[in-house]
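Thanks for coming, everyone. Please look at the screen while I talk.

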Amino acid sequence: MCQCGFMTRRWFSVRVELLGGRGEQFWPYPGRVFAVGPAHTFADLARAIDNAFARWDLSHLSVFTLADGRLVTDAETGPEFATSALGVMPTAALDIEVTKVMQTVKTGAQFRYVFDLGDDWTHCCTVDAGNIDPADVLGVIPPAPMAYWGWGAIPDQYDRHWAEDDGEARAPSRPRQPHTMLDGRWPASGERPPLVDVAQLRVAAAAGDVAGIVAALEGHDVSEVLQRAGSAVQVALRVDPERVFSLAISLVQRLQIRNLPGDDELAQDLLAAVQGEPPQDQLLSVDLEQLSGLIEGDPASNEGGFLDLQTGELAPAFMTDEAMVGEDQALDVDAEPDRWLHVFCEGSRAGWEDMATYVSAVADSRLREQLERAIEGKGAYRRFRDLIAGEGLTQAWRDFSDERQIGRARAYIAERGIRATS
């Protein structure tokens with residue numbers, strides 16, 4: 001009986017292009033196309049790539065990064081990436097020796113392979129559409145992934161310099177921008193991990209819900225909410241420090257790299273909590289959002305206020321005026337001068353700079369130009385607010401602005417010997 005139908009093999013065809021390494025970006029990208037079977041692991045593919053791209057010193061670490069941010073690497077290196085300052089919040093890495101390529105990625109998927117985590121030889125891997133039968137394409141059934149097409153100076157056996165090089169065609173022009181895998185813009189916007197739900201994080205932190213805090217942060221992009229994330233992890237560290245150790249260290253590194261006002265102070269506080277070190281300054285539970293409202297704004301209508309150094313409560317300046325609030329409700333800060341810290345309004349200049357920073361990062365050139373015009377002159381904030389509301393960006397702007405205001409408030413009291421606890 002003919003068994004031909006059962007003999008058809010369905011393998012992936014994976015196109016691998018070398019984007020750069022050792023600080024150099026290549027163009028055109030040299031590449032190889034591999035046949036990859038259902039039994040082949042990422043370790044098998046890594047070895048095939050290393051061989052095809054002329055790696056002779058194989059004593060270096062390597063890692064695959066999938067489009068959803070998951071890492072595929074060896075069992076010893078995986079936990080170390082849990083404290084990395086780069087990328088999204090860490091989740092468990094997949095084991096490169098047992099994770100199979102065809103069970104993990106789909107046709108059309110892209111993933112990154114980096115060999116030598118010092119020289120960073122970076123490869124873009126793309127699963128070509130459709131399947132192949134290796135017996136037809138290769139003439140054999142190889143035990144490991146096998147390169148069956150290639151181009152580019154490694155050197156290349158047939159002197160191809162790009163995929164379609166036939167010896168007569170002109171080389172394509174170099175792109176104006178580096179490849180997204182080289183400059184931090186990858187995964188692409190449609191594939192990026194979800195942003196942190198600030199409301200969910202706030203509820204979990206208020207309840208001291210460690211599991212909820214972890215769920216709100218792990219696998220999410222925290223780049224614009226590091227202050228809020230750090231405050232929540234401070235809460236979790238007091239309840240279950242072992243559960244959030246990796247999250248805390250990762251946030252410390254991210255805060256140190258970003259280095260906005262208040263980031264260094266929060267990083268120091270998180271690190272001290274992880275190490276179990278006693279605080280050098282006074283610890284006080286302060287509502288940093290409310291504090292920032294007293295510090296920033298229009299001095300004509302905002303007179304600042306007072307911080308209670310015993311309770312952490314805040315009071316606007318008018319609460320000291322008996323004529324406004326009554327003799328029974330008025331605060332007598334002069335009676336206990338050591339108890340109250342006078343918080344002065346410093347004006348709204350920092351808030352305008354936040355707007356300018358936000359506008360400069362808007363990708364849509366048309367909208368960016370409109371916003372640039374809106375923030376100039378009197379009434380800038382109203383025009384800016386109305387414009388982003390029309391574009392559905394109100395929440396994104398609020399998260400961006402609140403993050404920076406909270407950081408500045410944290411830095412303000414740290415300069416006065418006070419560390420904010422959540």
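Start with the surface. E303, D321, E322, E327, D328, D332 and D334 gather there in a patch of negative charge. Asp and Glu count as negative, Lys and Arg as positive; His and the chain ends are left out of the count. A patch takes residues with over 30% relative accessible area and no salt bridge, and joins like charges within 9 Å. A charge is placed at NZ of Lys, CZ of Arg, CG of Asp or CD of Glu. One member, D332, sits in the loop between α12 (322–325) and β13 (340–343).

A word on the model. It is predicted, so local features need pLDDT of at least 70 and side-chain atom pairs count only at pLDDT 80 or more, while totals for chains, interfaces and linings use all residues. Residues are numbered from 1 along each chain as its sequence is written, and side-chain values use heavy atoms, with hydrogens and water left out.

Helices and strands are DSSP runs numbered from the N terminus: helices are H or I with at least four residues, strands are E with at least two. Buried means under 20% relative accessible area, exposed means over 50%, and partly exposed lies in between, with a 1.4 Å probe and protein chains only. The areas come from the Shrake-Rupley method.

Now helix α2, residues 42–52. Is α2 mostly covered or mostly exposed? Mostly covered: 8 of its 11 residues are buried. Among them are F42, L45 and I49.

D44 and R47 are both in α2, 3 residues apart, about one turn of the helix. An α-helix has 3.6 residues a turn, so residues three or four places apart point the same way. D44 and R47 form a salt bridge, with their closest N and O atoms 2.9 Å apart. That term means a side-chain nitrogen of Lys or Arg within 4 Å of a carboxyl oxygen of Asp or Glu. D44 is buried, at 19% relative accessible area. R47 is partly exposed, at 42%.

Just after α2 comes A54, with a positive phi of about 60°. A54 lies in the loop between α2 and β4 (62–65). A54 is partly exposed, because its relative accessibility is 45%. Which residue is 100 residues from A54 in sequence, yet 7.1 Å away in space, C-alpha to C-alpha? It is I154.

Next, helix α8, residues 226–239. The expected span is 1.5 Å times one less than the number of residues. For the 14 residues of α8 that gives 20 Å, and the end C-alpha atoms are 20 Å apart, so the two agree. α8 is mostly covered too, with 12 of its 14 residues buried. R228 is one of the buried residues.

How many salt bridges does the structure hold? It holds 20. In one, D402 meets R228 at 3.5 Å, N to O. This pair links distant parts of the chain: D402 is in helix α16 (residues 394–414), R228 in helix α8, 174 residues apart. D402 is buried, at 16% relative accessibility. R228 is buried as well, at 12%.

Last pair. R339 and D308 meet in a salt bridge at 2.8 Å, N to O. R339 lies in the loop between α12 and β13, and D308 in strand β11 (residues 305–308), so the pair ties together parts 31 residues apart in sequence. R339 is partly exposed, at 22%. D308 is buried, at 2%. Finally, salt bridges that share partners join R202, R228, E289 and D402 into one network.

Conventions:
Patch = residues over 30% accessible without salt bridge, like charges linked within 9 Å, V, L, I, M, F, W, Y side chains within 5 Å. Areas by Shrake-Rupley, 256 points an atom, 1.4 Å probe, with all protein chains shown as cover.
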